[in-house]
Amino acid sequence: MAPLTSDSAGEDAALAEADGEMSDSGGRRRRLVHLTTIIVVATGVLLTVVLGVAVVTARDNNEERLLRQRTRETAAVLTAALPGIQTPLASSVEVVEESAGADQQAFLRLLTPLVEAGQPYVSASLWRTDSEDLQPLLVIGDAPMLASRPPAEIQAFLERSRAATGLAVIGLLEGDNPRLGYAFSSTREASEFVAYAEATLPANRTSVVPSNSAFAGLHFAVYLGDHEDPTQLLTASTPDLPLSGALASERVAFGDTSLLLVMTPDGALGGALLKMLPWLVVAFGLVTTFGSATLIEWLLRRRDDAERLSEENARLYANQRSVAQTLQHSLLPDRVPDVAGLELAFRYLPGVGGVDIGGDWYDVIPLDDDRLMFVVGDVSGRGLHAGTVMASLRYSIRAFASQGDMPATVLAKLTRLLDVAHDRHFATVLCVVVDIAGRTITVANAGHPNPIMILGDAIHPVETKVGVPIGVTRDATYETVTEAIPPQATLLAFTDGLFERRGESVDDGLERLRESARSTTGSLDELLTRIVDAQMHGSSDDDTAILGLRWQQ
Amino acid sequence: MAAIDDESFVNATAEVHFGDEGSVVIRVTGEIDIATADIIRQAVAVATEPRPARLVFDLLAVDFIDSSGLAVLLEAAKTADSVRIDPASNIVRRVIEATGLSEMFGMGI
């Protein structure tokens with residue numbers, strides 16, 4: 001709400017200097033990457049890897065579970081399909097046995113529909129277990145490959161079939177087109193007939209699986225027996241055997257032997273998204289990690305820059321303050337002239353707040369052997385502009401004094417040099433001519449605190465005719481007051497920083513001054529030191545100039 | 001030292017009241033110093049457009065005024081036909097008297 005109106009010229013100068021400093025220190029080596037950023041990256045990558053592994057494990061577990069489930073389902077389907085090829089054989093042989101071989105028509109009637117293209121069997125035949133020529137009684141479809149086997153093998157199989165309570169599987173019969181042969185005999189005690197059928201295997205023993213079937217996305221192989229024997233392969237969905245990768249197998253009972261179903265996933269059972277999930281997780285993790293790291297690194301670098309700038313500013317601020325004080329001292333007399341018969345001393349106390357130049361000043365101007373002029377003034381505000389106003393007023397007063405002007409005239413002329421409406425500064429000035437031999441002072445006052453006189457333990461204000469400050473009106477006039485100064489009295493003139501402080505009444509300030517000035521022993525210089533020390537116990541944020549004067553004893 | 005600076009930052013308010021017959025009252029509270037000078041300047045700019053016959057500063061609630069603050073009041077004195085301070089806190093009254101400005105701000109003696 002309230003923009004600070006400290007001296008803008010001073011700030012501009014400081015900024016210009018700051019720019020120069022920054023470019024000088026720009027070559028300072030920066031850290032390549034902050035430790036925090038490295039930790040963030042390391043943590044992020046580690047988390048990503050852990051998460052990726054977890055997802056892979058979960059996905060693989062899921063795939064394995066799905067594969068086992070699908071394999072069991074497939075085995076169930078296979079199991080359900082088997083009775084379809086067994087039942088007609090079992091039924092027909094039962095009928096033939098019932099009629100003691102008389103009703104062979106029943107065999108024909110039941111099995112002929114099943115021996116056609118697209119049906120389970122390529123060949124069905126009826127055998128007697130005690131056949132002497134080891135040839136079938138009846139044949140439907142192709143000639144059975146069993147008939148061309150060695151007689152001992154035929155005899156053994158027929159015997160095995162008769163003894164079996166269910167389906168007897170002879171196994172794969174090798175040939176141009178390998179066939180699977182199996183037989184049924186009646187469940188009666190002394191059965192004489194065996195119904196036998198042969199089925200061909202798919203071309204190259206490979207089944208083409210439609211993409212919309214229950215087995216889509218899976219490769220399978222079905223072996224006769226209980227292990228993956230390539231010669232016992234019945235059918236498979238791929239020529240690349242044995243199956244590799246994640247495998248699951250189920251055994252399905254098939255007559256007096258069994259079928260082995262082996263399955264492996266062709267792709268991901270859980271879908272493409274699940275398959276890609278680990279990579280998505282890793283990619284997301286890495287992108288997030290490096291995104292965060294970049295952001296953090298950027299923020300850290302900005303903080304570094306801010307810290308660097310802050311250090312620079314602090315340094316420049318201190319530098320500027322010292323420059324301001326040096327400049328101020330150069331504008332003020334560093335020693336008062338030796339004046340015969342008088343003791344003179346002065347102090348200047350820079351205010352504690354801010355770096356700007358104050359507008360306080362003091363001056364001692366010898367007029368002739370008997371007289372001198374001293375001035376204490378205070379330009380309102382602070383900063384370079386207040387400082388230049390102070391300098392111009394101080395040297396103008398010296399010029400007016402050298403022309404022989406007396407205090408009231410000096411102030412009247414001075415007030416035309418400053419206009420508060422235009423310059424935003426006004427000044428209070430105390431202008432005093434000291435008659436050394438006559439022990440009197442002639443005082444004109446433009447809005448300035450009255451000087452005080454210390455005599456013993458007492459402090460007396462020197463009453464003056466207070467006119468308006470310099471710069472308030474162009475036509476201001478001033479009246480002088482002439483006072484006699486008793487021997488041993490000490491005269492102090494000062495600017496209002498001496499006893500005006502924020503949160504403290506003027507009376508408190510005066511009391512503090514009274515306390516420190518009480519003892520009049522010692523030199524004037526020691527007195528001012530005591531006053532200044534008392535002043536330093538509390539810190540004024542305004543500058544203070546003090547000038548002391550005493551007649552030598 | 002920093003505390004002093006912090007306190008002095010925006011420790012003032014200024015209200016402008018337009019009264020009858022071309023008089024304007026600016027009521028200021030808090031501290032009038034280099035940090036708050038622009039608050040008063042803005043209030044004066046508002047109060048003196050157009051130029052009023054009478055400008056009155058109500059400084060009863062002002063508990064600190066320094067030379068920069070006084071400079072703002074003196075600047076404002078040129079922007080109206082008559083400028084008064086009424087009422088004034090003791091601190092303000094003492095500073096105005098000490099600087100010989102009682103007559104200029106119509107405060108009598």
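Author: Chain A has an open sheet of 5 strands in the order β2-β1-β5-β4-β3, with antiparallel pairing. The model is predicted: local features need pLDDT of at least 70, side-chain atom pairs count only at pLDDT 80 or more, and totals for chains, interfaces and linings use all residues. Residues are numbered from 1 along each chain as its sequence is written, while chains are lettered from A and ligands numbered from 1 in the order in which they are written.

Reader: What makes β2 and β3 of chain A the edge strands?

Author: β2 (138–141) and β3 (168–173) of chain A each pair on one side only. Strands (E, at least two residues) and helices (H or I, at least four) are DSSP runs, numbered from the N terminus.

Reader: Why are β1 and β5 of chain A called paired?

Author: Two strands pair if DSSP finds at least two bridges between them. Strand β1 (residues 123–128) and strand β5 (residues 193–200) of chain A are joined by 6 bridges, so they pair, and they run antiparallel. One of the bridges has L126(A) with A195(A) as its partner in β5(A).

Reader: Which strands are joined by bridges to β20(A)?

Author: Strand β10 (residues 342–349) of chain A has 8 bridges to β20(A), and strand β19 (residues 490–494) of chain A has 5. Both run antiparallel to β20(A). L344(A) has L549(A) as its bridge partner, and T490(A) stands opposite R550(A).

Reader: Why is strand β20 of chain A called mostly covered?

Author: A residue is buried if 20 or more other C-beta atoms, placed from the backbone, lie within 10 Å of its own, exposed if 12 or fewer, and partly exposed in between. In β20 (residues 544–551) of chain A, 7 of the 8 residues are buried, so the strand is mostly covered.
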